[in-house]
Amino acid sequence: MKCDCCGRKKKLLEAFASVDNGDKKLTLCVDCNDLLYKLRDAANEGAANEFQSIQQSLTSRMEGEASKDFQAWSEKFIAKQHAKIVKSGTEAQVE
């Protein structure tokens, strides 16, 4: 088994996260899974700079190794989280 994001192979007794993208289950190593959670948390908190930093880290991990299914899923996930950042930014401007 290998990570659908970075391509790292599963080591003995290591746990991988499973993400359902609708058609297929994606498997993620601990590091990639943590980055996705941190990206979501940054979006929920409205931390745009932190969001950008985490997104760059995630993109660099994906380079050349990510499966096509993961790339499609991650684009949707990142866009959804980015929309939260934009929404929180516009709400802050209104106040």
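**A first look at this predicted model**

L13 lies in the segment that comes before strand β1 (17-20), with helices (H or I, at least four residues) and strands (E, at least two) taken as DSSP runs numbered from the N terminus. Residues are numbered from 1 along each chain as its sequence is written, and side-chain values use heavy atoms, with hydrogens and water left out. This is a predicted model, in which local features need pLDDT of at least 70, side-chain atom pairs count only at pLDDT 80 or more, and totals for chains, interfaces and linings use all residues.

**L13**

- The phi of L13 is near 65 degrees, a positive value in a residue other than glycine.
- Most residues other than glycine have a negative phi.
- L13 counts as exposed because its relative accessibility is 83%; the classes are buried under 20% relative accessible area, exposed over 50% and partly exposed in between (1.4 Å probe, protein chains only).

**The α1 and α2 pair**

- Helix α1 (residues 30-45) and helix α2 (residues 48-62) have axes that come within 9 Å and cross at roughly 155 degrees; axes are lines fitted to C-alpha atoms, for helices over the stretch in contact, and angles run from 0 to 180 degrees between N-to-C directions.
- The two helices, α1 and α2, are therefore roughly antiparallel to each other, a label for angles over 145 degrees.
- From α1, residues including C32, L35 and L39 meet α2 residues including F51, I54 and L58, where contact means heavy atoms within 4.5 Å.
- The residues of this α1 and α2 contact divide into nine nonpolar, two polar and five charged; Ala, Val, Leu, Ile, Met, Phe, Trp, Tyr, Cys and Pro count as nonpolar, Asp, Glu, Lys and Arg as charged, and the others, Gly among them, as polar.

**E50 in α2**

- E50 belongs to helix α2 and counts as partly exposed because its relative accessibility is 40%.
- Not counting residues up to four places away in sequence, E50 touches A42 and E45.
- K38 and E50 are twelve residues apart in sequence and 9.0 Å apart in space, C-alpha to C-alpha.

- Leaving aside neighbours within four places in sequence, F70 is in contact with D4, C5, L26, L28, L36 and M62.

Note on methods: Angles under 35 degrees count as roughly parallel, over 145 as roughly antiparallel, 65 to 115 as roughly perpendicular and the rest as oblique.
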